[in-house]
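These are my notebook entries on a structure of two chains that I was asked to look through. I begin with helix packing and then go on to individual residues.

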Amino acid sequence: MSDQSGLVKEALGAIAKARTEGELETITLDYLGRKSGQITKLLTGIGQLAPDQRAALGQSANEAKRAIEAALASRREELEGARLADIAETEAIDVTFPGPPLGRGHINVLTQMQRQIETVLESLGYRVELGPEVETEWYNFEALNISAGHPARENWDSFYFTPQLLLRAHTSPVQIRAMQRSKEPPIYIITPGRCYRRDAPEATRLPYFSQVEGLAVDRGLTVGDMKGTLLYMIQSLYGNERKVRVRPSYFPFTEPSFEFDITCGICGGAGCKSCRHKGWLEVGGCGMVHPQVLRNGGIDPDQWNGYAWGFGIERMAMLKHNVDDIRLFYESDLRFLEQF
Amino acid sequence: MRISYEWLSDFVDLKDVTPKEAAAVLTRLGLEVENLTVVDLSEIIVGKVLEQIPHPKSRNPLWVHQVDLGDHVEQIIAGAPNAVPGSLVPVAMPGTAVPNGKIVRDMNIAGYQARGMLCSADELLLGDDHSGILILDSGKPGDSLETVIPSQVTMDIEVTSNRPDCMGHLGVARELAAGLDRPMKVDFMPGFTGTANPPGRDLVKVSIDEPGLCARYIGGVIKGVKIGASPEWLQRRLRACGVRPINNIVDITNYVLLEYAQPLHAFDLAKLDPPEIHVRHAHTGEKLLCLDGVERQLTPEMLVIADSHKPVAIAGVIGGEETAVSDATTGILLEAATFNGSSVRQTARELGLRTEASSRFDKGLPAELALAGARRAASLIAELAGGSVHREWADVYPLPQEPVRVRFRPGLIDEMLGLHVPLEEAESILKRLNFHVRPLEDGEWDVLPPVFRLDVTIPQDLVEEVGRVYGYDRVPSTLPGHRRDKWIPAVPSIGRRLDAAREVLAGAGFTETWNPALVSGRLLESLRVDAHAMRVSNALSDDMDTLRTSLLPSLVGVVGLNRDRGRQEVCVYEIASAFLAPVGDKSAQPHEPMRLGVLATAGASADAARTSFYAMKSVLDAAFAALGAPPCTYQRGAQELFHPGRCAAVVLDGRLLGYMGELHPAVASTFKIEGRLVALEIDLEPVLAASRTSRAQPLPRFPAVERDLAVVVEDHVAAGALLATIKEVGGEYLEQARAFDEYHGPQVPEGQKSIAFTLTFRSPERTLTDAEVDRVMTEIKIGLQKRHKARFRE
């Protein structure tokens with residue numbers, strides 16, 4: 001018995017003095033190790049003892065073991081507590097020192113803008129449709145009611161390869177192709193893509209640019225539906241305080257036709273220098289699809305009607321990100337592209 | 001189109017309407033007012049010049065005036081000599097802001113005190129004449145200039161091409177009247193054809209050779225006119241619209257053009273030889289000295305007005321100098337005609353000459369307008385230039401304007417607008433816009449648009465007329481909502497699917513660019529990638545005259561630009577179409593494969609570029625994995641833009657997608673770029689087509705065994721070939737084999753290399769024993785030995 005209490009005392013003393021986890025580990029082995037632990041050794045001769053002695057010895061050895069284990073656990077806790085109490089000092093780093101450069105690449109601002117527009121319109125059930133950039137005269141003009149000699153045609157001065165083949169001046173040809181493909185409405189599509197017009201490059205326009213056009217063909221669509229769609233789109237992209245107005249205009253492929261404007265983001269519509277005191281910024285064109293255009297797409301205008309709209313992705317990005325020169329988008333100066 | 005506000009009030013009562021309100025009404029109706037200019041003349045005073053002497057000391061030509069300002073006399077210095085004693089002139093006193101924005105100050109010029117300024121028309125924004133002081137017709141010294149010239153408001157209006165009727169004040173006034181719901185004071189002025197004998201048609205013979213290009217030609221003869229200056233009010237209105245006054249006859253033709261939108265021309269009757277008019281095509285070789293002093297070569301496609309010998313005007317574009325009205329003119333032939341719009345447009349374009357007349361004709365004018373315009377001009381000429389207007393003009397009218405009727409179901413208004421417009425209101429709006437509306441028994445309307453509205457032909461046009469006056473801002477915003485028996489499933493767009501690759505590229509440090517598809521054809525030639533190039537026939541410049549056949553030249557250009565701006569390392573990519581004309585047929589639509597082009601600067605040394613090559617391969621592999629496509633394979637390849645020893649063909653399921661590798665040194669030097677470039681360009685459509693949704697695999701339940709294997713082979717043996725053998729021989733337990741190191745050096749013989757592989761073995765059913773793995777390893781070694789003469793390092 002005294003052996004055990006001596007051992008326990010000795011062990012507890014050692015535990016109290018231990019300073020590290022390693023020392024505690026050693027103590028554990030010394031006393032409780034499965035082969036050579038001192039408490040364990042006490043039990044080696046237990047088999048030869050009488051049953052009652054055996055029980056007594058077993059019990060007291062177990063008590064000794066529990067006492068040591070408890071002391072070990074509480075000392076561990078003490079040591080861990082002390083260590084954690086210190087790390088604020090011992091492991092402190094300079095948190096203001098900058099991290100290493102990440103070399104992150106950037107998804108183009110126009111891709112980001114296009115995707116945002118798509119996301120908004122997809123949430124209304126529109127699907128993305130694509131088409132060729134080199135188009136035929138028929139799809140680019142004739143099918144859209146802009147026959148040769150039409151007075152409005154000079155608004156779409158185009159690059160030609162042959163008299164019948166040109167770079168599309170808008171993504172409207174995709175609308176015709178989509179109508180022809182669909183056979184039967186409803187049609188709800190958007191047509192993002194690159195377009196080309198023969199305009200000399202300057203701060204507000206380029207001979208190459210990108211558009212998103214939208215087309216809805218269904219039964220009984222109204223100017224109100226078109227306005228609501230544009231309003232939802234604009235407020236989703238620019239915030240709830242923006243207003244949209246449609247202003248009568250003229251395009252050969254819609255009747256009625258409109259320009260659509262949004263309130264200036266700087267003055268909120270009151271008029272300021274940046275909107276030339278108009279309060280409104282011109283964004284794009286829209287209108288109810290001309291019955292002849294529906295016919296050209298193979299759709300019966302007595303059964304169905306539609307609305308369509310179009311605008312430049314660059315223009316939308318310029319409004320959103322305060323870019324004042326459209327040429328920056330296609331110049332690919334990384335100092336510009338890395339801002340987005 | 002510049003509109004004088006004052007002029008509008010001839011036609012519509014603008015009492016209590018501010019110019020700003022009027023501008024808002026017009027914009028709402030579809031005539032967008034882009035600028036509103038207010039010229040306030042109330043601060044400018046009338047002065048009378050008492051004395052004028054040349055400045056005795058100034059080196060510049062200056063004149064010193066004594067000017068009576070009613071209650072006192074001031075000394076004022078001016079740079080123009082035309083304010084002679086007795087002239088009435090506009091004077092701005094020190095501290096006054098002149099309409100052009102200048103503020104007048106006291107000055108002392110070479111010892112002469114000057115108080116105030118004599119103003120030119122230009123400074124008062126009353127025209128562009130800055131050659132001299134504006135001399136007034138009347139006025140009392142000391143009074144505000146407003147007593148002589150009303151303060152002016154002008155509006156710049158953007159007129160859409162379907163509304164040539166609004167290219168005149170009358171048309172704009174009609175719109176304003178409809179928008180304000182006020183009656184027109186007058187519309188077309190009362191008819192006037194003259195009274196003098198003999199009939200005008202007996203004095204001039206008109207024939208139209210090309211009735212398709214000239215629907216109508218009216219020639220009115222007016223004799224005994226007195227050429228002189230127009231009255232001040234008329235000059236003022238012309239100036240307000242940016243037209244320079246010339247003489248009364250020319251001014252009146254311009255005035256009526258600005259008022260009715262009908263272009264007119266006046267010939268000197270005496271210069272027509274004989275007084276005959278032929279509307280015909282120009283003959284080859286004919287020339288015409290035009291009113292602007294330029295002699296123009298005419299081509300047979302151009303329509304001209306000619307007497308029996310020579311062209312005297314280019315139809316609808318510009319008149320000739322020789323037959324123009326001059327101070328000596330006494331008799332004129334007044335022309336009011338209707339020329340074909342596209343013919344005029346083509347001629348004007350051919351000549352590079354866009355005039356007030358051509359910009360109206362080219363929209364297509366109604367033939368009925370010609371007579372109204374001619375009558376208005378004749379009555380003004382009789383009033384302001386005297387002379388007698390001969391009755392019964394020549395009026396050749398081969399293509400009479402057909403009246404248009406539209407059968408209209410008024411319910412269409414509500415259906416299209418999504419708003420209820422009361423029928424009476426719709427009818428009233430159409431009537432305000434000069435449409436005749438006759439309700440029929442079946443409830444539909446028979447609608448007759450006014451003669452000046454050729455743009456209205458279908459029911460939808462009438463909905464627009466009602467809608468724009470009723471106000472589109474009153475249409476509530478809604479979204480389409482219908483019961484559906486057919487649904488359009490939402491599928492991710494190609495662009496959105498490719499975003500997975502964009503994210504990988506962004507993570508790897510590559511920035512996406514959008515570059516112009518039009519590039520220099522010469523550049524493509526010099527890079528030898530022009531075989532399928534399509535060249536634009538009417539390019540703006542030769543640096544963008546051809547569609548690119550590859551994205552890589554654009555990306556190399558991006559490196560060049562960024563290097564020039566101080567950036568050394570450039571990692572960029574683009575996703576866009578390349579354009580490949582079909583072989584042998586450059587008139588068919590080209591193939592437009594959507595491609596991924598990636599480019600990175602890769603240091604200066606061969607070793608650095610080699611490292612970059614393998615890094616780019618990893619990027620491409622990761623992009624494929626992100627797109628859900630199976631991994632691509634790489635084979636030794638060759639392509640014009642790439643280094644012949646460092647080019648891989650990228651293959652997916654046996655199909656060539658494109659190439660990757662180091663760019664050919666010649667490419668970098670073409671762009672004057674130092675150092676090496678690593679790039680790839682592949683078609684994306686097959687990758688997306690091969691993309692599959694990931695299917696979950698059960699996680700392995702038993703541990704894997706990994707073994708490394710260092711294989712020594714001849715230099716020319718490709719790692720890919722060794723891997724193929726390993727995979728083939730490795731059997732079902734070989735889970736993965738990967739090459740991780742290539743070694744040249746003292747430990748392997750000259751001309752050989754050592755490639756290290758890590759092989760992972762695993763069974764789905766149990767833990768493999770070392771012996772089992774050893775057996776497979778031995779087979780692999782034997783296979784490599786046999787096929788590639790491989791040896792092995794421990």
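Predicted model: local features only at pLDDT ≥ 70, side-chain atom pairs only at ≥ 80, totals over all residues.

**Entry 1. Helices α5 and α6 of chain B.** With that cut-off I looked up which residues join the two helices. On the α5(B) side I found Leu234(B), Gln235(B), Arg237(B) and Leu238(B), and these meet Asp251(B), Asn254(B) and Tyr255(B) of α6(B). Sorted by class, this contact holds 3 nonpolar, 2 polar and 2 charged residues.

I then looked up the geometry. Two packed helices are described by the angle between their axes and the distance between the axes. For α5(B), residues 232–240, and α6(B), residues 248–260, the angle is about 55° and the axes are 10 Å apart. The crossing of α5(B) past α6(B) is left-handed.

**Entry 2. Helices α5 and α8 of chain A.** Here I asked how the axes of α5(A), residues 109–122, and α8(A) cross. They come within 10 Å of each other and cross at roughly 135°. The pair α5(A) and α8(A) is therefore oblique, and the crossing is right-handed. From α5(A) the contact uses Gln116(A), Ile117(A), Val120(A) and Leu121(A), and from α8(A) it uses Met233(A), Ser236(A) and Leu237(A). I count by class 5 nonpolar and 2 polar residues in the contact of α5(A) with α8(A), and no charged residues.

**Entry 3. The contact between the chains.** I next looked up how many residues each chain gives to the contact: chain A gives 68 and chain B gives 75. On the side of chain A that touches chain B, the largest share comes from helix α8 of chain A, residues 223–238, with 8 residues. That side of chain A divides into 33 nonpolar, 17 polar and 18 charged residues.

**Entry 4. Helix α15 of chain B.** I checked the length of α15(B), residues 552–564, against expectation. Its 13 residues should span 18 Å at 1.5 Å a residue, and the end C-alpha atoms are 18 Å apart, so the two agree. I listed the buried residues of α15(B) as Leu552(B), Pro553(B), Ser554(B), Leu555(B), Val556(B), Gly557(B), Val558(B), Val559(B) and Asn562(B). Just after this helix, Gly566(B) has a positive phi of about 95°.

Entry 5. Is Leu433(B) buried or exposed? I find 22 other C-beta atoms within 10 Å of Leu433(B), so this residue is buried, the threshold being 20 or more. Leu433(B) sits in the loop between α11 (423–432) and β24 (436–439) of chain B. Leaving aside residues up to four places away in sequence, Leu433(B) touches Ala178(B), Glu465(B) and Val469(B).

I also looked up the separation of Leu433(B) from Asp181(B): they are 252 residues apart in sequence, and their C-alpha atoms are 9.9 Å apart in space. Asp181(B) belongs to the loop between α3 and α4 of chain B. Its 10 C-beta neighbours inside 10 Å make Asp181(B) exposed. The phi of Asp181(B) is near 55°, a positive value in a residue other than glycine.

**Entry 6. Arg276(A).** A positive phi in a residue other than glycine also occurs at Arg276(A), near 50°. Arg276(A) lies in the loop between β8 (254–263) and β9 (280–289) of chain A. With 13 C-beta neighbours inside 10 Å, Arg276(A) counts as partly exposed.

**Entry 7. Cis peptide bonds.** Pro186(A) is in the loop between α7 (172–182) and β5 (187–196) of chain A. In chain B, the peptide bond from Asn197(B) to Pro198(B) is cis, with omega near -10°. Pro198(B) is in the loop between α3 (169–180) and α4 (200–203) of chain B.

**Entry 8. Thr90(A).** Last, I placed Thr90(A) in helix α4 of chain A, residues 51–90. Thr90(A) counts as exposed, because it has 8 C-beta neighbours inside 10 Å. From Thr90(A) to Glu23(A) there are 67 residues in sequence and 21 Å in space, C-alpha to C-alpha.

Technical notes. Residues numbered from 1 in each chain as written. Chains lettered and ligands numbered in written order. Contact = placed C-beta atoms within 7 Å. Helix = DSSP H or I, 4+ residues; strand = E, 2+ residues; numbered from the N terminus. Nonpolar A, V, L, I, M, F, W, Y, C, P; charged D, E, K, R; others polar. Axes fitted to C-alpha atoms, helices over the stretch in contact; angles between N-to-C directions. Left-handed = near helix turned anticlockwise from the far one by under 90°. Expected span 1.5 Å × (residues − 1). Buried ≥ 20, exposed ≤ 12 C-beta atoms within 10 Å, placed from the backbone. Parallel < 35°, antiparallel > 145°, perpendicular 65-115°, else oblique.
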